[in-house]
Amino acid sequence: MRNVNVPCEDGEMYRRIVLGIVLVIGISGLAGSATITVNLDGSGDHTTIQAALTAATGGDEIIVADGTYIDVGNRDLDFEGKAITLRSESGPQNCIIDCEQQGRAFIFANGEGAGSVVDGFTITNGSGWAGAGIVVSNGNHPIIKNCRINNC
């Protein structure tokens, strides 16, 4: 005897379950990470590194085009506690953050952990009472790799 409370045949029920799973996977893919670009010439999503960091959400990757990044918006950079990968396009020999003795390149003080990554920059001319190129405080643990720190 068939149970009258079952709204559909077994095959139809399985089809609906599979369709629901596919929809959930598809929707979560839409909310995935983004790639954000920074380029001094205005051809990227942003012209300063801090603008890109502020616009990013956890899991995003920011790619910084080759060049020398100076002035406000390109020093005292704050990940704002987000798990973001910030990497240069072509490595530290081609992508320079010049702090001009006006501050540090990066300040990690908002809970950044291993998901916060800085990869492939030359950091130069930083100044500050501690950590003139990069300061990490309050138990934070970002990953800094493939970077050169000079004159800080």
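Predicted model: local features only at pLDDT ≥ 70, side-chain atom pairs only at ≥ 80, totals over all residues.
**The open sheet**

Begin by selecting β1, β2, β4, β7 and β10. These 5 strands make up an open sheet whose order is β1-β2-β4-β7-β10, and their pairing is parallel. At the edges stand β1 and β10; each has a single partner strand, so one side of each lacks a neighbour in the sheet. From one strand to the next, the twist averages 15 degrees.

To inspect one of the residue pairs, display E61 together with T85, its bridge partner in β4.

**The nonpolar core**

Now display the side chains of I49, I62, V64 and F106. The largest nonpolar core has 24 residues, and these four touch the most other members. As general background, nonpolar side chains in soluble globular proteins tend to be buried together.

Centre the view on I49. What does I49 touch, not counting residues up to four places away in sequence? Its contacts are V38, V64, Y69, G73, N74, L77, L86 and I97.

Move to the loop between β9 (134-136) and β10 (143-145), where N140 lies. Is N140 buried or exposed? Its relative accessibility is 6%, and N140 therefore counts as buried. Leaving aside residues up to four places away in sequence, N140 touches F108, A109, N110, G111 and E112. Within this group, select E112 and show its backbone nitrogen, which lies 2.8 Å from a polar atom of the N140 side chain.

Most residues other than glycine have a negative phi.

- E80 occupies the loop between β3 (67-69) and β4 (85-88). Its phi is near 55 degrees, a positive value in a residue other than glycine. With a relative accessibility of 34%, E80 counts as partly exposed.
- Q101 is located in the loop between β5 and β6. Here phi is near 60 degrees, again positive in a residue other than glycine. The relative accessible area of Q101 is 41%, which makes Q101 partly exposed.

**The cysteines**

Finish by selecting C99 and C152 and displaying their sulfur atoms. How far is the sulfur of C99 from the closest cysteine sulfur? The distance is 6.0 Å, to C152, which is too far for a bond. A disulfide would require the two sulfur atoms to be within 2.5 Å, and the count of disulfides comes to 0. Viewed from the other residue, C152 is in no disulfide, and its nearest cysteine sulfur is that of C99.

C99 has 0% relative accessibility and counts as buried, whereas C152 is partly exposed, with a relative accessible area of 41%.

Key. Residues numbered from 1 in each chain as written. Heavy atoms only, no water. Core = buried A, V, L, I, M, F, W, Y, C linked by side-chain atoms within 4.5 Å. Buried < 20%, exposed > 50% of the residue type's maximum accessible area, 1.4 Å probe, protein only. Contact = heavy atoms within 4.5 Å. Helix = DSSP H or I, 4+ residues; strand = E, 2+ residues; numbered from the N terminus. Polar contact = N/O pair within 3.5 Å; in protein donor to acceptor, adjacent residues only side chain to side chain. Pairing = 2+ DSSP bridges. Axes fitted to C-alpha atoms, helices over the stretch in contact; angles between N-to-C directions.
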